[in-house]
Amino acid sequence: MVLHIRRYVGLGWKIFARPIISRLDSERSHDLALSTLSKFDRSLYGKSLLSGMYQSPELPLHVLGRLFHHPLGLAAGMDKGAKALSAWPALGFSWIEYGGVTRFPQDGNPKPRMFRANSEMALVNSMGFNNPGASSVRDSLVTRYASGNWPNVPVVANIGRSKKVNNEQAPLDYASTLDTLWNHADMFVLNVSSPNTPGLRDLQHEGLLTEVLGECAGIRNRYESHKPILLKVSPDCSDDQIMEISDIASRNGLDGIVATNTTITRPEPSNTQSRIAFSQNGGVSGRPLQKRSLEVISNLYEHSDGDMTIVGVGGIDSPDSAWKAITSGASLIQLYSALVFNGPGVTSSIVRGLKKKVSENGFSGISEAIGYAHRR
């Protein structure tokens, strides 16, 4: 019965919803989808309805001291202000990353700032950390928790640098946001690699990065609770630079690397729509990022001898791409663009496919598949 419902829902997405959404401005369609989902977020019946259609199977694993129902989570950028936090698990995600959140509220870059390249299944965005600010996000999360509407999966906060702050002030800026959100997330990701805030990627250089990580480590030490902190890296760094960044992260007590952020490189456009999209400023996500993301995951796994926790993100849109990321060395994976192009059923579809691959390879669980390509 559930399988039939999923087929009808998937067919409805392809025939009705996707053509309508594709005609809307990309950011407008994103806002419309998030607004609709936030309504489900506030309704027990609504979440139950979504869960009945999109629930993912169990494929449990322990990572970073936490139990995940399966490896697939929601990437940052989709729910910047944590407005639909409890609805995402009903769409099949086993963990959620909200943000990026900055210390100060900011509108982001001028519109239009989000574009689709449908043929390449890619998004181009120059959003610029548009968000209500750390204090506002914290207040809404306090209200959510008090109302009993907190998700029953790990919640991650993505933290960025405020645009009005220069890089010399960045360590205190990141630490302040981390402090504000400390009690309102299970883990944290420090975003020093978005291409959409001027000068942000310079924070990946050793001196500045060490200062940022040192200030954030000080916040964690003050709370005396070890919540994992990860670092999100740019795919546009050279392999040597990425290995150096991972070493700096390890020396400063970070718990893992998110590989990767969006890229400023552009694939060859296949038509006019793609040519227009790729001519815009901003970072590319989606399928064109898949190859480079896998390279970074694989290199980091080898460099750390499998000891570093890696989150794979970039072009995850099918069971095959998810399996490649995991067998290349990712313990956890995330998606964003695939929701736009494949619809909400993509989450459960990927997890069902992963479960099948685990069985086909004779593994007892998904954990045995992490880094399998290196052992094979």
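## Strand β4

Seven of the seven residues of strand β4, residues 95-101, are buried, so the strand is largely enclosed by the rest of the structure. The model described here is predicted.

On one side in the strand order, β4 has β3 as its partner. Strand β3 covers residues 72-74, and its pairing with β4 is parallel over two bridges. Within this pair, Gly73 stands opposite Trp95 of β4. The pairing of β4 with β7 is also in the parallel sense and extends over four bridges. Here Val101 is found opposite Ile159 of β7.

## The barrel

Strands β3 and β4 belong to a closed barrel of eight strands, in the order β3-β4-β7-β8-β9-β10-β12-β13, with parallel pairing. On average, neighbouring strands of this sheet are turned by 25° against each other, direction ignored. Strands of a sheet pair through backbone hydrogen bonds, in either a parallel or an antiparallel arrangement.

Further along the order, strand β7 (residues 155-159) pairs with strand β8 (residues 187-191) in the parallel sense, over four bridges. Val156 stands opposite Met187 in β8.

Helix α6, residues 206-223, lies across β8 and β9. Strand β9 comprises residues 229-233, and α6 runs at about 155° to β9.

Two packed helices are described by the angle between their axes and the distance between the axes. For helix α5 (residues 170-181) and α6, the axes come within 8 Å and cross at roughly 30°. Angles under 35 degrees count as roughly parallel, and α5 and α6 are therefore roughly parallel to each other. Their crossing is right-handed.

On the α5 side, the contact is made by Ala170, Pro171, Leu172, Tyr174, Ala175, Leu178 and Asp179. These meet Glu211, Val212, Glu215, Cys216, Ile219, Arg222 and Tyr223 in α6. The residues of this contact divide into ten nonpolar, no polar and four charged.

## Cis peptide bonds

Most residues other than glycine have a negative phi, and most peptide bonds are trans. A cis bond joins Lys111 and Pro112, with omega at about -5°. Pro112 lies in the loop between β4 and β5, the latter being residues 114-117.

Another cis peptide bond runs from Ala259 to Thr260, where omega is near 15°. Thr260 is located in the loop between β10 (256-259) and α8 (272-278).

## Positive phi values

Met121 is not a glycine, yet its phi is positive, at about 50°. The residue sits in the loop between β5 and β6, with β6 spanning 122-125. The relative accessible area of Met121 is 15%. Buried means under 20%, so Met121 is buried.

Asp305, a residue other than glycine, likewise has a positive phi, near 55°. Asp305 is placed in the loop between α9 (290-303) and β12 (309-313). Its relative accessibility is 65%, and Asp305 therefore counts as exposed, the cut-off being over 50%.

How values were computed:
Residues numbered from 1 in each chain as written. Predicted model: local features only at pLDDT ≥ 70, side-chain atom pairs only at ≥ 80, totals over all residues. Heavy atoms only, no water. Pairing = 2+ DSSP bridges. Axes fitted to C-alpha atoms, helices over the stretch in contact; angles between N-to-C directions. Contact = heavy atoms within 4.5 Å. Buried < 20%, exposed > 50% of the residue type's maximum accessible area, 1.4 Å probe, protein only. Parallel < 35°, antiparallel > 145°, perpendicular 65-115°, else oblique. Left-handed = near helix turned anticlockwise from the far one by under 90°. Nonpolar A, V, L, I, M, F, W, Y, C, P; charged D, E, K, R; others polar.
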